[in-house]
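User: I would like to go through the labels attached to this model and see what each one rests on. Please set the values against the cut-offs.

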Amino acid sequence: MTTLLPEVAAPNGGVYFDRSVDTAAHITGAVTFSTGCAGSDQWGSNKCTWNWKEGITATVAGALQEDITTGKVVVDLKLNNVIPFSFSCPICGANCTFEIPVIKTPVTFPMPPCPIKAVTIPSKSKAFTLPGSNPLGVAASVTGT
């Protein structure tokens with residue numbers, strides 16, 4: 001289980017990212033950021049704070065250690081600690097369909113075909129720059145599993 005606490009607009013006027021991984025089986029991986037993080041573990045960077053307009057490089061690597069033939073992706077979030085956003089989707093072989101809360105917009109996209117084969121993802125990096133200011137115009141947070 002992964003817990004994410006990204007705040008789109010942190011109290012300091014930027015972006016804050018905090019996550020924990022409680023359980024994981026048959027998978028390894030890490031997401032590391034080039035700057036702004038106060039902690040890290042086997043899963044990568046953590047407790048990260050960035051300012052608007054800041055340039056960041058994210059590096060991703062990992063491995064799925066066995067084929068996946070069945071299962072589901074479960075999302076259980078709260079937006080601004082108030083608005084629930086929960087859904088589950090088959091992990092493979094079907095569409096994932098859910099509705100975005102508040103704006104009531106349906107979303108559907110295909111999940112990969114089954115089985116998802118075991119694979120190693122070599123280290124890949126991508127540089128990006130945060131927008132010049134908060135694109136939402138208000139502070140927002142997402143918490144959940």
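Predicted model: local features only at pLDDT ≥ 70, side-chain atom pairs only at ≥ 80, totals over all residues.

User: Why is Lys53 called exposed?

Analyst: Exposed requires over 50% relative accessible area. Lys53 has 60% relative accessibility, so Lys53 counts as exposed. Lys53 sits in the loop between strand E6 (44–50) and strand E7 (55–64).

User: Which residues is Lys53 in contact with, leaving aside its neighbours within four places in sequence?

Analyst: Those residues are Thr129, Leu130, Pro131 and Gly132. A contact needs heavy atoms within 4.5 Å. For Pro131, which is 78 residues from Lys53 along the chain, the C-alpha atoms of the two are separated by 5.3 Å.

User: What makes up the largest nonpolar core?

Analyst: That core has 9 residues: Val15, Phe17, Phe33, Cys48, Trp50, Trp52, Ile56, Ala58 and Leu130. At least two of its residues come from each of strand E2 (15–17), E6 and E7. Another core, of 8 residues, lies apart from it and includes Val75, Leu77, Phe87 and Cys89. Membership of a core requires buried residues joined through side-chain atoms within 4.5 Å.

User: How many aromatic pairs are there, and what makes Phe33 and Trp50 an edge-to-face pair?

Analyst: There are 6 aromatic pairs in the structure. For Phe33 and Trp50, the distance is 4.9 Å centre to centre and the angle between the planes is 70°. The centres must lie within 6.5 Å, and planes over 60 degrees apart count as edge-to-face. Both conditions hold for Phe33 and Trp50, which form an edge-to-face pair. Phe33 belongs to strand E4 (residues 27–33) and Trp50 to strand E6, so the pair ties together parts 17 residues apart in sequence. Phe33 and Trp50 are both buried.

User: Why is the pair of Phe98 and Phe109 edge-to-face?

Analyst: Their ring centres are 6.3 Å apart and their planes stand at 80°, so the pair is edge-to-face. Phe98 is in strand E10 (residues 95–100) and Phe109 in strand E11 (residues 105–110), so this pair ties together parts that are 11 residues apart in sequence. Phe98 and Phe109 also belong to a cluster with Phe85 and Phe87, linked by ring pairs.

User: How do you know whether Phe98 and Phe109 are buried, partly exposed or exposed?

Analyst: Buried means under 20% and exposed over 50%, with partly exposed in between. Phe98, at 15% relative accessibility, therefore counts as buried. Phe109, at 34%, counts as partly exposed.

Notes. Residues numbered from 1 in each chain as written. Heavy atoms only, no water. Helix = DSSP H or I, 4+ residues; strand = E, 2+ residues; numbered from the N terminus. Buried < 20%, exposed > 50% of the residue type's maximum accessible area, 1.4 Å probe, protein only. Phe/Tyr/Trp six-rings, centres within 6.5 Å; stacked < 30°, edge-to-face > 60°.
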